[in-house]
Amino acid sequence: MADRRSSGQDADERDAADPREESLVTERFPAESLVRPGADDLERAAEAALRPRRLGEFVGQRVVREQLSVVLQAARMRGRAPDHVLLSGPPGLGKTTLAMIIAAELGASLRVTSGPAIQHAGDLAAVLSSLEEGEVLFLDEIHRIARPAEELLYVAMEDFRVDVMVGKGAGASAIPLALPPFTVVGATTRAGLLPAPLRDRFGFTGHLDFYSSDELEQVLLRSAGLLDVQLAGAAASEIAGRSRGTPRIANRLLRRVRDWAQVRGDGRLTLAAARAALEVYEVDERGLDRLDRGVLAALCTRFGGGPVGLTTLAVAVGEEPETVETVAEPFLVREGLIGRTPRGRVALPAAWSHLGLTPPHDPGTLFA
Ligand SMILES: Nc1ncnc2c1ncn2[C@@H]1O[C@H](COP(=O)(O)OP(=O)(O)OP(=O)(O)O)[C@@H](O)[C@H]1O
């Protein structure tokens, strides 16, 4: 994930992405502990502490929850490992949490690794050959797994076998090693990048969508309970409205409001405290932060609404193109503030009104 912005929103997303890229993390840990391996800094530990542990505690995503609950219950009734599960959707919506819940619901332990950590087939072979019966192998960012490892994974998922290569060149031979039944839970933010043969090996695919404000309020009230703070309903609603439909952001903003209330307020998480804290962290009433507003302002004021190329826009806001593209843009597009055209990015009417500006001409002509 691209590294970026300096507001209260950035640390967590960076933290959430980094540890799984650091190494081939395959440490085994009991699903009940539900702490992501590598959760060694306070923010990440705070995030882990707020994770729902069982399906019944998981807020929202009604359809996926119901489907998964049937898959898991059926597997339990048959005493067999369930089909492999693929979870797709934007960051922070609960894919990792669900993987942990799947292991917990099955009473199985969870092994965690990620696509970027698997650069060679041998990396994956080592993980697979150490799996125990019934274990859940969580493969985060599965779309980033190296090609040779991908092929090994197909065979392992379908036939529970790994072919260990012995020797090199013409004299190389494959020794098949049988694996005990296990379940792969793959997570991806880019389901479209998964090759069809890999996608086909998942018996169940769940797509996670952005959460409604009501659902985020439930997430926040649950988290406040776990943090042992009193969160006023109106404050929960205010934070939910600025959380971009994402529980990770909601929980992060809650922690920032709690900090503010403790340091600058009287400790109570009221509506006034929430508004004051979010102003300090430059998260506006629509959930836009400094980078988002910088992009809008550059588009509207410096480039007359566009179209403007990504690189030029990124230079104007002093960021890497990748940061603008992966961090700011998806939300701005989803909110109907900017559009992407073959000739570049354009500001939509809502962008001007969000900044309190008047469009210079009929924005409809921007697409001409
Ligand atoms: N449905 C939910 N109910 C309550 N809390 C949730 C829910 N989904 C996510 N969360 C909270 O949001 C945080 C982020 O969730 P998680 O790490 O599972 O997201 P993710 O989709 O795996 O993100 P990434 O793709 O960046 O790894 C978790 O700490 C958890 O507390």
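**Domains, ligand shell and local backbone features**

In the unreviewed UniProt entry, the annotation "domain: AAA+ ATPase" covers residues 81-214. The structure described here is a predicted model. The protein chain as a whole is divided into domain 1 (10-207), domain 2 (213-280) and domain 3 (290-367). Between the centres of domain 2 and domain 3, taken over C-alpha atoms, the separation is 29 Å.

The shell around the ligand consists of 22 residues, of which Pro 91, Gly 94, Thr 96, Thr 97 and Pro 247 come nearest. Two or more residues of this shell are given by each of helix 5 (95-106) and helix 11 (247-263). At the level of domains, at least three shell residues come from domain 1 and at least three from domain 2. Sorted by class, the shell has 10 nonpolar, 8 polar and 4 charged residues.

Helix 9 comprises residues 213-227. At 1.5 Å a residue, its 15 residues should span 21 Å, and the end C-alpha atoms are 20 Å apart, which agrees. The buried residues of helix 9 are Leu 216, Glu 217, Val 219, Leu 220, Ser 223 and Ala 224. Seen down the axis of helix 9, these buried residues fall within an arc of 160 degrees, so they line one face of the helix. The face turned away from this buried side carries the exposed residues Asp 214 and Gly 225.

Further backbone features occur in loops. Arg 244, found in the loop between helix 10 (233-241) and helix 11, has a positive phi, near 55 degrees, although the residue is not glycine. Arg 244 counts as buried because 25 C-beta neighbours lie inside 10 Å, where the cut-off for a buried residue is 20 or more. Glu 282, in the loop between helix 12 (271-280) and helix 13, likewise is a residue other than glycine with a positive phi, here near 60 degrees. With 17 other C-beta atoms within 10 Å, Glu 282 is partly exposed, as this count falls between the limits of 12 or fewer for exposed and 20 or more for buried residues.

A cis peptide bond joins Gly 306 and Pro 307, with omega at about 5 degrees. Pro 307 is placed in the loop between helix 13 (290-302) and helix 14 (310-317).

Technical notes
Residues numbered from 1 in each chain as written. Predicted model: local features only at pLDDT ≥ 70, side-chain atom pairs only at ≥ 80, totals over all residues. Domains from an automatic or database assignment. UniProt positions renumbered as here; feature names shortened; annotations may be inferred. Near = placed C-beta within 6 Å. Helix = DSSP H or I, 4+ residues; strand = E, 2+ residues; numbered from the N terminus. Nonpolar A, V, L, I, M, F, W, Y, C, P; charged D, E, K, R; others polar. Expected span 1.5 Å × (residues − 1). Arc of directions from axis to C-beta.
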